[in-house]
Amino acid sequence: MSQTPDNHDQAKMPSQIPYIIANEGCERFSFYGMRNILTPFLITSLLLSMPESMRKGMAKEVFHTFVIGVYFFPLLGGWLADRFFGKYNTVFWLSLVYCAGHACLAIFDDNRNGFYTGLFLIALGSGGIKPLVASFVGDQFDNTNKHLAQKVFDGFYWIINFGSFFASLLMPIFLKQYGASVAFGIPGLLMLIATLVFWSGNKKYVHVAPAAKNPDSFLNVIRTALMTATPGQSRTGFIIAVLGVVLAIGALFMTPGIGIVAALCLALVLILGFGGAGAWIQLDRARGMHPDEAVDGVRSVLRLLVVFALVTPFWSLFDQKASTWILQADQMTKPSWFQSAQMQALNPLLVMLLIPFNNLILYPLLKRIGVELTALRRMGLGIAFSGIAWIVVGMMQIAIDGGNALSITWQILPYALLTFGEVLVSATGLEFAYSQAPLAMKGVIMSFWNLSVTIGNLWVLLANSSVKSESVTTQIQSTGMSVTAFQMFFFAGFALLAAMAFAIYARNYRVVNNYRKV
């Protein structure tokens with residue numbers, strides 16, 4: 001039954017939303033509080049025993065490996081929630097694991113094994129709950145008030161950046177003034193508060209039960225499509241999927257060169273990419289053995305995964321603001337009291353300003369002049385803006401390499417461009433991913449959205465591994481640029497090409513509505 005305008009106006013915001021928003025604000029403070037001081041802490045403390053020439057490269061590798069873990073574990077969290085425990089229980093128990101990880105960072109600030117254990121627990125806890133909190137927000141809405149969901153997702157993203165702003169501003173000061181135990185202990189305390197706030201709203205939440213074992217599930221339909229042989233037809237899709245498995249096994253042999261985490265992620269990418277392509281080719285073979293609704297659902301998911309794949313270059317640029325951009329800031333002039341990592345506070349501050357500006361001024365203005373910025377158009381533009389930001393950063397790096405003293409205030413421009421791109425991609429993508437996901441796969445689809453961040457950071461590790469080769473370094477230096485500047489322009493081009501591909505693909509993407517009914 002369609003909703004009348006009167007009902008639309010009378011729809012109320014669910015009363016349980018403030019609990020989830022408050023939980024997210026505290027949790028994001030805890031996460032960004034430790035993440036944004038991780039690179040400087042590694043360089044100035046934990047990795048001091050390493051030669052100075054290797055220290056920055058290793059710090060970047062540890063940082064991006066950690067981020068890969070954070071955005072890989074959503075696969076596990078989404079699966080556990082959808083199949084066994086439900087979103088609430090999974091979020092609550094993994095939040096306790098998250099708290100334990102913070103405790104390890106505070107206690108083992110001078111012990112690599114203990115500290116890395118803490119990073120692993122935080123990656124497991126933070127990553128495991130990441131797809132679930134966002135989709136848990138969506139579960140609180142139905143078709144009578146779904147028009148309020150985008151406002152909540154924007155508010156959800158706003159509170160993330162509210163927590164990130166104060167964490168980015170304050171934690172570098174605490175690290176310098178009071179040491180690592182305090183600087184990592186405060187985020188741990190905020191995570192404990194986040195867990196208690198989330199628990200206190202338990203009786204108010206809408207709890208969507210985990211799906212029962214489904215013979216027509218996504219993986220079962222994929223398996224049927226790939227394994228079914230049709231007389232008189234080739235098995236091209238099956239061959240492509242097998243090729244992906246072979247290449248994935250080959251990727252594991254690259255472990256000595258790129259590290260076990262990067263090798264495993266590359267193997268996963270190959271299996272997903274080739275397996276998905278193969279299933280797409282043979283998907284109609286699953287009809288008759290599975291309902292048409294299930295087969296059509298799988299096809300819509302595969303089309304959505306292409307969107308996610310094209311977003312990965314954005315994340316490879318975005319997450320380097322906490323590594324590559326900090327290292328560049330170390331080379332720039334700044335007041336003695338200002339820490340390079342504090343520059344990251346500009347990102348969440350701009351997000352808090354841009355979200356209301358876009359929704360209240362920019363989007364309505366564009367709509368009045370006949371320009372409709374759909375979700376896909378916003379995301380494509382966001383990827384392009386990230387590429388432009390990195391062109392600016394690359395030009396700044398060339399100036400620095402040439403001996404020019406640049407003030408750290410020059411980084412305001414690329415931060416503004418990158419943040420505008422972030423708002424267009426990330427805030428939009430959260431709601432878009434939820435709305436496009438079939439009802440039985442909300443948690444898993446949101447975990448695939450987060451997996452795009454893992455793959456983005458994988459591109460960073462692979463790029464960093466490639467420049468360790470002396471022949472590659474020599475070739476880059478022959479261009480007259482430093483390795484750092486060359487990589488900046490490389491990532492800029494990577495994003496701009498992805499934006500073009502995204503725009504072409506989005507033109508034929510059919511948007512669907514998969515909010516739950518009343």
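## The largest cavity

About 370 Å³ of space sits inside the largest cavity of this predicted model. Its lining runs to 25 residues, and Arg 28, Tyr 71, Lys 130, Ile 160 and Asn 450 come closest to the centre.

Sorted by class, the lining of the largest cavity comes out at 15 nonpolar, 3 polar and 7 charged residues.

## The second largest cavity

Searching the whole structure turns up 2 cavities of 30 Å³ or more. The second largest cavity holds about 40 Å³. Its lining is made of Tyr 32, Ile 160, Asn 161, Ser 164, Phe 318, Lys 321, Asn 347 and Glu 422. Ile 160 turns up here and also in the lining of the largest cavity.

Helix α7 gives the most to the lining of the second largest cavity, with 3 residues.

Now for the open space: the second largest pocket takes in about 1200 Å³. It has 48 lining residues, with Arg 55, Lys 56, Gly 57, Lys 60 and Leu 327 lying nearest its centre. Elements that contribute two or more residues include α3 (38-46), α4 (52-72), α14 (324-330), α16 (375-401) and α20 (483-506).

Which helix supplies the largest share of this pocket's lining? That's α4, with 9 residues. By class, the pocket lining has 20 nonpolar, 18 polar and 10 charged residues.

How values were computed
Residues numbered from 1 in each chain as written. Predicted model: local features only at pLDDT ≥ 70, side-chain atom pairs only at ≥ 80, totals over all residues. Heavy atoms only, no water. 1 Å grid on protein atoms, 1.4 Å probe; cavity = no way out; pocket = protein on both sides within 12 Å on 5 of 7 lines; lining within 4 Å. Points joined across faces, edges and corners; volume = space filled by probe spheres on them. Helix = DSSP H or I, 4+ residues; strand = E, 2+ residues; numbered from the N terminus. Nonpolar A, V, L, I, M, F, W, Y, C, P; charged D, E, K, R; others polar.
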